[in-house]
Amino acid sequence: PPNAPPDWSPFWRGTSAQYVRILNAAYDATKAADPTVVVLSSGLAPLTPTALARWLDAFFANDPRPRFDWFGWHPYGIVAEAGPDANDGTTSSFRGFERIAERLDKEGYTGAPILLSEFGYGTGAPDPSLQGWVDEMVASMLPEGFAAARSSPRVRGFNWFSVQYHGWEGE
C-alpha cells in the first residue's frame, strides 16, 4: 500500500505458534457455526525443501495441534522453464505437495486433502519483444500442472491463481 510503514509486508510475519492459535480459533468458531464448512490452512508459498521442513517442524510442534480439514500449498513456479515436474524447491515448488503429504501422514493427518491454492508463473518479459514467447511458455504450464496434480490422490483442488503479470516500470 502507498502509505504503509517501511516494514509492512502482505505476508505472515508472526510465529508458527501464533498462526496455529489463529487457525485453531478460526476452526473452532467456523465449525461451531456450521460443522459442514471446510477449513483450509493458509497456503504456504514456495519454500526450499529445507525451509519447508523447518516450517512444518514448527507448525506441528505446537500444542494444541493445528486443526484444519484441508492443507493449502501455493506452488508458484519460480523459473517457468523448469515446469511443474521440477522438484528441487528452488526452480519450482510445484511438487512440494509430495513432501507435505508425507509429513501430514507422519503427523497423523492421514489422507488430509491438499489444495494447490495458487499456481502460476510470472509473465513479465524483461524484453518486450519476448513477451509472446513468455506468454506461450506460461500457458503451457497449465495442462502440465493439472497432469502433475492429478498424479496425487491427495491433491483435491487446483487453482490457476494468475498470470502474475507485474509489467515494466512506467506501465
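Hi everyone. Some ground rules before we look around. The model is predicted, so local features need pLDDT of at least 70 and side-chain atom pairs count only at pLDDT 80 or more, while totals for chains, interfaces and linings use all residues. Residues are numbered from 1 along each chain as its sequence is written, and side-chain values use heavy atoms, with hydrogens and water left out.

The protein averages 79, and 75% of the residues score at least 70. Confidence is highest in α1, at a mean of 95, and lowest in α4, at 77. Please be careful with residues 164-171: pLDDT stays under 50 there, and the model has 13 contacts beyond four places in sequence for that stretch. By contact I mean heavy atoms within 4.5 Å.

Now the layout. The protein has 4 helices and 3 strands, and from the N terminus on they run α-α-β-α-β-α-β. Of the 171 residues, 40% are buried. Buried means under 20% relative accessible area, exposed means over 50%, and partly exposed is in between, using a 1.4 Å probe and protein chains only. Among contacts between residues at least 6 apart in sequence, 70% join residues at least 24 apart.

Let's start with α1. L23 lies in this helix, and at 5% relative accessibility it counts as buried. Which residues does L23 touch, not counting those up to four places away in sequence? They are V39, L40, S41, F59, P66, R67 and F68. With S41, which is 18 residues along the chain, the C-alpha separation is 7.1 Å.

On to α2, residues 49-60. The expected span of a helix is 1.5 Å times one less than its number of residues. For the 12 residues of α2 that gives 16 Å, and the end C-alpha atoms are 16 Å apart, so the two agree. Its buried residues are A51, L52, L56, F59 and F60. Looking down the axis of α2, those buried residues fall within an arc of 155 degrees, so they line one face of the helix. The arc is taken from the directions from the helix axis to the C-beta atoms. The face turned away from the buried side carries exposed T50 and R54. And what covers the buried residues of α2? The cover includes α1, β1 and α3. There's also A58 in this helix, which is partly exposed at 31%. The C-alpha atoms of A58 and A17 are 7.7 Å apart, although 41 residues separate them along the chain.

Next, α3. Here G96, F97, I100, A101, R103 and L104 are buried. Seen down the axis of α3, they fall within an arc of 170 degrees, so they line one face too. E102 and K106 are exposed on the other side. The cover over the buried residues of α3 includes α2, β1, β2, α4 and β3. Beyond four places in sequence, R103 is in contact with A53, L56, D57 and F60. After α3 comes G108, with a positive phi near 95 degrees.

Now the strands. β1 and β2 pair in the parallel sense over 3 bridges, and strands count as paired if DSSP finds at least two bridges between them. G72 stands opposite L115 in β2. β2 and β3 also run parallel, joined by 4 bridges, and L116 has F158 in β3 as its bridge partner. β2 is mostly covered, with 5 of its 6 residues buried.

Last stop, the largest nonpolar core. That's a set of buried Ala, Val, Leu, Ile, Met, Phe, Trp, Tyr and Cys residues joined through side-chain atoms within 4.5 Å. Of its 29 residues, F71, L104, I114 and L116 touch the most other members. The elements giving two or more residues to this core are α1, α2, β1, α3, β2, α4 and β3. Thanks, everyone!

Definitions and conventions:
pLDDT = per-residue confidence, 0-100.
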